[in-house]
Amino acid sequence: MKTSEFDYELPSGLIAQTPLANRSGSRMMVVHKGTGEIEDKVFTDITDYVKAGDVLVRNNTRVIPARLFGIKEETGAHVELLLLRQEENDVWECLAGNARVIKPGTFISFHDGELRAECIGIGDKGIRRMKMHYEGIFNELLDRLGNVPLPPYIREKLADPERYQTIYAAVDGSAAAPTAGLHFTEEVFDRLREKGVIVTDVTLHVGLGTFRPMDTDTVEEHVMHEEVYSMSRETADILNQAKAENRRIFAVGTTSVRTLESVWNRFGRFEECDGETTLFIYPGYEWHTADMILTNFHLPKSTLLMMICSFADKELIMNAYERAVSEKYRFFSFGDCMLITNE
């Protein structure tokens with residue numbers, strides 16, 4: 001398949017720059033993948049599309065202030081680091097801006113040396129392994145020195161950094177938000193539970209595997225970056241019981257989907273586990289877990305759009321995107337959402 005098959009025209013004015021005042025105030029396009037019907041709704045209508053026994057799976061990762069601006073100590077060159085994944089002994093995998101100036105042995109200084117990062121390894125396409133040198137507690141230091149890593153297509157300053165977190169974010173580690181979850185409020189969850197929906201969590205720390213653009217002409221040539229995930233025993237039991245009783249699994253966001261499918265592909269069922277995934281889902285993939293997906297509208301030619309085109313019919317999804325553009329839906333992280341259902 002050609003990457004260009006997943007392209008579409010998007011006027012820049014449809015890219016949402018700020019979140020709505022009310023989290024649950026977004027529009028929601030409902031795509032019925034069995035019949036091809038498309039409806040224009042609002043997010044709070046989501047309770048009309050669930051039933052007792054459905055299991056809603058959400059990603060409880062929390063975005064860390066992973067964007068750091070520093071100075072190369074030897075030359076004074078400005079350097080930006082995006083922390084992607086923590087390894088052992090204060091080593092982080094990072095995406096470096098101005099990466100060509102960062103070689104093994106290079107030191108980057110942040111806030112007059114309060115934090116120093118030493119390059120100890122070089123990866124592909126701007127990836128660097130950095131050893132952090134500091135005193136005190138790293139997370140507290142990061143809270144003071146780091147910045148919320150908003151996507152490059154968002155140019156407006158975010159007044160409240162918590163609006164780039166889901167209300168159920170609990171486990172620090174992401175370089176980007178699982179944005180389908182940004183629409184939920186406690187009131188919406190209360191209404192879902194009143195209908196008999198079971199809510200459970202997985203964790204996938206969002207990194208390059210989710211948001212790095214594709215740079216290959218052919219879909220199959222793209223290699224996904226590793227992302228760390230985990231599933232608890234409680235969640236595994238809930239999901240296995242739902243599968244045994246033929247009840248629906250409702251995944252909130254593509255990162256929840258990647259976790260569910262990664263665990264299933266690993267064990268043939270749901271198990272308590274931790275791991276790393278490079279799973280790339282595109283048309284032709286054999287699905288095992290999700291029956292419904294809530295997702296935001298994704299970038300042209302992105303791996304996320306390809307996943308959605310795999311879950312439903314590619315032509316149906318691309319037509320839905322054309323409709324979303326014509327109806328002036330808001331796109332990307334702070335934008336509107338799409339519910340894909342099998343009923």
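Which strands close into a barrel, and in what order? Six strands do so, in the order β5-β6-β7-β10-β9-β8, with antiparallel pairing. From one strand to the next the twist averages 45°; such angles run from 0 to 180 degrees between N-to-C directions, with axes as lines fitted to C-alpha atoms.

The model is a predicted one, in which local features need pLDDT of at least 70, side-chain atom pairs count only at pLDDT 80 or more, and totals for chains, interfaces and linings use all residues. Residues are numbered from 1 along each chain as its sequence is written, and side-chain values use heavy atoms, with hydrogens and water left out.

**Overall form**

The chain has seven helices and 17 strands. Both are DSSP runs numbered from the N terminus, helices being H or I with at least four residues and strands E with at least two. For 343 residues a compact globule would have a radius of gyration near 20 Å, and the chain agrees because its value is 20 Å. That radius is taken over C-alpha atoms, and the globule rule is 2.2 Å times the number of residues to the power 0.38. Along the principal axes, the C-alpha atoms fill a box of roughly 60 × 45 × 40 Å. Buried residues make up 57% of the chain, where buried means under 20% relative accessible area, exposed over 50%, and partly exposed in between (1.4 Å probe, protein chains only).

**Strand pairing**

Two strands pair if DSSP finds at least two bridges between them.

Strand β12 (residues 198–204) is largely enclosed by the rest of the structure, because five of its seven residues are buried. Five bridges join β12 to β3 (residues 55–59) in parallel, with Leu 56 partnered by Val 199. β12 also pairs with β13 (residues 227–231), antiparallel over two bridges; here Leu 204 stands opposite Tyr 229.

**Pocket and cavities**

On a 1 Å grid over the protein atoms alone, a cavity is a set of points where a 1.4 Å probe fits but cannot get out, while a pocket is an open set with protein on both sides within 12 Å along at least five of seven lines; lining residues have an atom within 4 Å of a point. There are two cavities of 30 Å³ or more.

| Space | Volume |
|---|---|
| Largest pocket | about 960 Å³ |
| Largest cavity | about 100 Å³ |
| Second largest cavity | about 50 Å³ |

Of the 48 residues that line the largest pocket, the closest to its centre are Pro 151, Pro 152, Tyr 153, Phe 211 and Arg 212. Elements that each supply at least two lining residues of this pocket include β6, β7 and α5.

The largest cavity is lined by 14 residues, and Arg 23, Arg 163, Leu 182, His 183 and Phe 334 are the closest to its centre. In the second largest cavity, α6 gives the most to the lining, with three residues. Among the residues lining that cavity are Thr 303, Leu 304 and Met 307.

**Two loop residues**

Most residues other than glycine have a negative phi. His 111 has a positive phi of about 50°; His 111 lies in the loop between β8 and β9 and counts as exposed at 52% relative accessibility. Asn 246 has a positive phi of about 60°. Asn 246 is in the loop between α4 and β14 and is exposed, with a relative accessible area of 72%.

Terms used
Points joined across faces, edges and corners; volume = space filled by probe spheres on them.
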